[in-house]
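The following exercises are intended for a reader who meets this structure for the first time.

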Amino acid sequence: MTESSGRQRSVPMDVDASRRRLRIDGLGIIASTSGAGFVYGLAARAAGFSPIEASSMSVIVFAGASQFAAIGFVLGGFSWLGVVLLTAFLNARHALYSAALAPYLVDQPRLLRAALAHVLTDESFALSIAHFRRIGRADLPGYWWAAIVTVFIPWNLATLAGVLIGGQIPDPSRFGLDVIFPAAMAGLAVGLVTGRRELTAALAGAISGVAVGLAWDPAAGILAGGLLGPVVGLATPRRPREDPPEAFIVFGPTPPGESDGTVPG
Amino acid sequence: MSTQLVWLAVLMAAATYPWRAVPLLVPAVHRLPRAAQEYLRLVGPAVLAALAAVNAMVAIDSTRHPSLHVGIEWPAIALCVLIVAARRGLLLGLVAAAGLAALARALGLA
């Protein structure tokens, strides 16, 4: 992924600085994941799931949207085959995440990549792709932090809390926790915008996602946004002085002592 | 304690894992044509923006029928985007977004 010469090249951010940024950004994701996991636990409890069943979904499936949908379909008396097909449909977008991360992780052992795949979620993708692009390469500790510490552990603990003690705790939406997930995804998308193409891809992804989501189904909308947005982005010419594809992104002020010369979007 | 749905979880995982794993495990993904690599690079902003927009603007009822949702989520997300774009940090943006939503709800405005 290299660009022709003549463009300003970015210096990758220091790994430790990028990890600090990852941990700080992850705090908001932890709050969001905990709130959603708790609500999932509550919903599972209300639907008659036992703690083992609710937790096994969170550990083994580890995909929030399909877990919520499964509760509705189990309650509605759907066949297991229908639930499984719906799950495959809802989670198809993960293939996009996996494909986008693959070039960074291609040198890792196959078994390790297989393990990395299980904890690939919306949130872990958003945090890790931003981190990888900041430093210009893969960073496994950063990935594990994003996937395990920021998402897997909070999601599972919150599921357990929701299904065991849920009724005694107020609705998380009272504290605005339900807004954090879409806000985090939007904020992380902004952070990935380093030029005209990325901006176009993001806008096209959002517009096509909502259009298809309204016309058909939200899951189809997300998939359509992820597929169509880059097509529109590719059709957009780069400005001559835009950063090359390896350009890293910066959330917030540049840490002291770092000189990067990169300005997002 | 019932454990019957653990098997459903296993089947759901079997339907999910290939999406997550296959592209990561396909050999020679780094030798894709340049246009394909550029496409994959743009997937990040596109899919995250789609996730945010669909989550905030599309609501579904119990039969998964979609409808346009208008609510406090819109200005809350816009506030977060503005804060991140002003390079003030994602965490501050998320706190501001959640705070705005909580305040509006407490005041009965949302």
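**Exercise 1. Determine which element of chain B has the lowest mean pLDDT and which has the highest.**

Solution. The model is predicted, so pLDDT, the predictor's confidence in each residue from 0 to 100, is the quantity to consult. Among the elements of chain B, the lowest mean, 89, belongs to α2(B), and the highest, 95, to α1(B). Chain B as a whole averages 89, and 95% of its residues score at least 70. Where pLDDT is low, predicted coordinates should not be read in detail. For the model, ipTM is 0.87 and pTM is 0.74.

Two conventions apply throughout. Residues are numbered from 1 along each chain as its sequence is written, while chains are lettered from A and ligands numbered from 1 in the order in which they are written. In this predicted model, local features need pLDDT of at least 70 and side-chain atom pairs count only at pLDDT 80 or more, whereas totals for chains, interfaces and linings use all residues.

**Exercise 2. State how many helices and strands chain B has, and describe its dimensions.**

Solution. Helices (H or I, at least four residues) and strands (E, at least two) are DSSP runs, numbered from the N terminus. Chain B has four helices and two strands, and their order along the sequence is α-α-β-β-α-α.

Next, consider the extent of the chain. The C-alpha trace of chain B spans about 55 × 50 × 25 Å along its principal axes. Its radius of gyration is 20 Å, whereas a compact globule of 110 residues would have one near 13 Å. The radius is taken over C-alpha atoms, and the globule rule is 2.2 Å times the number of residues to the power 0.38.

Finally, consider burial and contacts. A residue is buried if 20 or more other C-beta atoms lie within 10 Å of its own, exposed if 12 or fewer, and partly exposed in between, with C-beta atoms placed from the backbone. By this rule, 46% of the 110 residues of chain B are buried. Two residues are in contact if their C-beta atoms, placed from the backbone, lie within 7 Å. Of the contacts in chain B with a separation of 6 or more, 29% join residues 24 or more positions apart.

**Exercise 3. Describe the side of chain B that touches chain A.**

Solution. Begin with the count: 71 residues of chain B are in contact with 92 residues of chain A. On the chain B side, at least two residues each come from α1 (4-25), α2 (34-57), β1 (58-60), β2 (66-68), α3 (73-85) and α4 (90-106). The largest share, 22 residues, is supplied by α2(B).

Then sort this side by class: 52 residues are nonpolar, eleven polar and eight charged. Here Ala, Val, Leu, Ile, Met, Phe, Trp, Tyr, Cys and Pro count as nonpolar, Asp, Glu, Lys and Arg as charged, and the others, Gly among them, as polar.

**Exercise 4. Identify the residues that touch the most other members of the largest nonpolar core.**

Solution. A nonpolar core is a set of buried Ala, Val, Leu, Ile, Met, Phe, Trp, Tyr and Cys residues joined through C-beta atoms within 7 Å. The largest has 115 residues, of which A:A189, B:A52 and B:A97 touch the most other members. The greatest contribution to this core, 15 residues, is from α2(B). Not counting residues up to four places away in sequence, B:A97 touches A:V179, A:I180, A:A183, B:A76, B:I77, B:L79 and B:C80.

**Exercise 5. Is B:E73 buried or exposed?**

Solution. B:E73 lies in helix α3 of chain B. It counts as buried because it has 23 C-beta neighbours inside 10 Å. Leaving aside neighbours within four places in sequence, B:E73 is in contact with A:V179, A:P182, B:A56 and B:A101.
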